[in-house]
Amino acid sequence: MGSDDKPLLTLLSFLHSLAGPAVMLLYPLYASVRAIESTSKVDDEQWLAYWIFYSFLTLMEMVLEPLLVWIPIWYDIKLAFVAWLVLPHFRGAAFIYENHVRELLRKYGGNLLVKDHTSPATKAKNRFVDAITPKKVED
């Protein structure tokens, strides 16, 4: 390698270090906000599933860090996997959830799948109203 290659390698290294946050955080944050604002339930499921898997991956990475430092291409493997989870063409997060996690929940989840039709916002509002409503004092 000549000295002319150094700036190119520096640029590639810089772009590689930006790819992780862009793929793993920036795009998913943007897409999650769009999903919240859309009326479709499909994109909500994709992005909720993504955040579940990304959180799980991050926790596992923290636990397994002593082993992962010995795998030189771990970051690249993680980046490729997360790109598969994220990219709309693949919808990997929704795929894993629908084909694997949902089956495990049906088999072992018990009460996790019981739907409560009261929204969290309604429950929070009711708790707030109860908390600030003066209580009647009986004489």
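**Entry 1, the whole chain.** I first noted that this is a predicted model. I looked up the secondary structure and found 6 helices and 0 strands in the protein chain. Reading along the sequence, I wrote the pattern down as α-α-α-α-α-α.

I checked burial next: of the 139 residues in the protein chain, 19% are buried. The accessible surface came to about 11200 Å², and carbon and sulfur atoms hold 68% of that surface. Among contacts with a separation of 6 or more, I found that 56% join residues 24 or more positions apart.

I picked H2, which runs over residues 42-63 and has 22 residues. From first C-alpha to last, H2 reaches 32 Å, close to the 32 Å expected at 1.5 Å a residue.

Which residues of H2 are buried? I listed Gln46, Trp47, Ala49, Tyr50, Phe53, Tyr54, Leu57 and Glu61. They sit on the same side of H2 because they cover an arc of only 160° around the axis. I reminded myself that an α-helix has 3.6 residues a turn, so residues three or four places apart point the same way. On the other side of H2, I found Leu48, Met62 and Val63 exposed.

I looked in UniProt, where an unreviewed entry lists residues 12-30 and 51-73 under "transmembrane region". I then checked residues 51-73 in the model: the chain there is 74% helix and 0% strand, with the end C-alpha atoms 23 Å apart.

Definitions and conventions
Residues are numbered from 1 along each chain as its sequence is written. This is a predicted model: local features need pLDDT of at least 70, side-chain atom pairs count only at pLDDT 80 or more; totals for chains, interfaces and linings use all residues. Side-chain values use heavy atoms; hydrogens and water are left out. Helices (H or I, at least four residues) and strands (E, at least two) are DSSP runs, numbered from the N terminus. The expected span of a helix is 1.5 Å times one less than its number of residues. Buried means under 20% relative accessible area, exposed over 50%, partly exposed in between (1.4 Å probe, protein chains only). The arc is that of the directions from the helix axis to the C-beta atoms. UniProt positions are given in the numbering used here, feature names are shortened, and annotations may be inferred rather than shown by experiment. Contact means heavy atoms within 4.5 Å. Accessible areas come from the Shrake-Rupley method with a 1.4 Å probe; for residues, only the protein chains shown count as cover.
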